[in-house]
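Dear colleague,

I am handing over a structure that may be new to you, and I would be glad if you could look through it alongside the notes that follow.

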Amino acid sequence: MTGHSSYRAVVRFTAAVALAVVALIAVGFGEARQHDGNRQIDDMSLFMLAGWLVSLVAVGRAQWTRAAHLREVEQRALAAEREQEARAEQSATEERLRIARELHDVLGHSVSLINVQSGAALHRLSKKPEPAAALSAAEEALEAVKATSKEALRELRSTLGALRAPDESAPTSPASGLDRLDELVARARATGIDVRLRTEGERRPLPPPVDLAAYRIVQESLTDVTRHARATGAVVTVDYTDGAAVRVRVDDDGEGAPEGSPPGSGIRGMAERARAFGGELTARNTAQGFGVSARLPVDARPRTEGSGRTE
């Protein structure tokens, strides 16, 4: 619409200039054919008329150019405002996706552990053991459920801290990272799976986003082990030997994934985390069961953006 208006303005301006030139030529031609005594306009007046016409054309051109410049500035300002709104909306969407992914990982892992722990306790109690043994099994299961639910609440408070009101204080609990793998492994071990933690290379601090991403990948992998693998044991390995990256691996002795099965949401979520930092993730069947391996560059920054198993 603006381009059409500019085109019409150019056409009107050109027509006005052409009409003025034709009128000036006609007056000059008519006066030139008159005898000196019969002329109505002398040469000086004709020259001044031409000067006035040129001045008016120049002023009109300057005004039109200024108006066009103002329109262009206004259009650029509107475009910049729309771009800023689009970026703000994109940032809000990315933050919502990040929070949704964090909530999925936290709740999926904790609820899965609680389900497995409760199921194991009910299975032992269904065999009608001695009262002392039954009480011990119930206490053990309740302690595990209590610890898991407490950790889930801590994770939720930390994850939802970004949504707190401006006058609320920031969460004081430590953020999840590889330094909390011992607790994660202990909770997974409480489900009856022999989970071991192994560290290769000299342990070193990692940037918080990378540290959290590595922790979440291990967490999601252990969730899949407890839910789908039917494994009796698993090994979590953190490898610091690559100076430019950290590697995490989770290998279990379960059944593995069916041949040709599509990747589940858990595998896709872990792969998205790794790609967000310029890393990579592989998940495949192994000779012993199933393995998930991720490499995360330690100097990477997130570029922006589930549970199943696949080969």
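Which residues of the largest nonpolar core touch the most other members? In this predicted model, that core holds 39 residues, and the ones that touch the most other members are Leu178, Val246, Leu281 and Leu296. Two or more residues come from each of α4 (181-189), α5, β2 (233-239), β3 (245-252), α6, β4 (280-285) and β5 (290-297), and α5 gives the most, with nine residues. If neighbours within four places in sequence are left aside, Leu281 is in contact with Ile217, Ile267, Met270, Ala271, Ala274, Val292, Ser293 and Ala294.

Two helix pairs are described next. Helix α5 (residues 208-229) packs with helix α6 (residues 265-276) at an angle of about 165 degrees, their axes being 10 Å apart; as angles over 145 degrees count as roughly antiparallel, that is therefore how α5 and α6 run relative to each other. Their crossing is left-handed, and the contact is made by Ala213, Arg216, Ile217, Glu220, Ser221 and Asp224 of α5 together with Gly266, Ile267, Met270 and Arg273 of α6. By class, the residues of this contact are four nonpolar, two polar and four charged.

The axes of α4 and α5, for their part, cross at roughly 5 degrees and come within 11 Å, and these two helices are therefore roughly parallel to each other. Here Leu181, Leu184, Arg187 and Ala188 in α4 meet Tyr215, Val218, Gln219 and Leu222 in α5, a contact that has six nonpolar residues, one polar and one charged.

With best regards

Technical notes. Residues are numbered from 1 along each chain as its sequence is written. This is a predicted model: local features need pLDDT of at least 70, side-chain atom pairs count only at pLDDT 80 or more; totals for chains, interfaces and linings use all residues. Side-chain values use heavy atoms; hydrogens and water are left out. Axes are lines fitted to C-alpha atoms, for helices over the stretch in contact, and angles run from 0 to 180 degrees between N-to-C directions. Helices (H or I, at least four residues) and strands (E, at least two) are DSSP runs, numbered from the N terminus. Angles under 35 degrees count as roughly parallel, over 145 as roughly antiparallel, 65 to 115 as roughly perpendicular and the rest as oblique. A crossing is left-handed if the near helix is turned anticlockwise from the far one by less than a right angle, and right-handed if clockwise. Contact means heavy atoms within 4.5 Å. Ala, Val, Leu, Ile, Met, Phe, Trp, Tyr, Cys and Pro count as nonpolar, Asp, Glu, Lys and Arg as charged, and the others, Gly among them, as polar. A nonpolar core is a set of buried Ala, Val, Leu, Ile, Met, Phe, Trp, Tyr and Cys residues joined through side-chain atoms within 4.5 Å. Buried means under 20% relative accessible area, exposed over 50%, partly exposed in between (1.4 Å probe, protein chains only).
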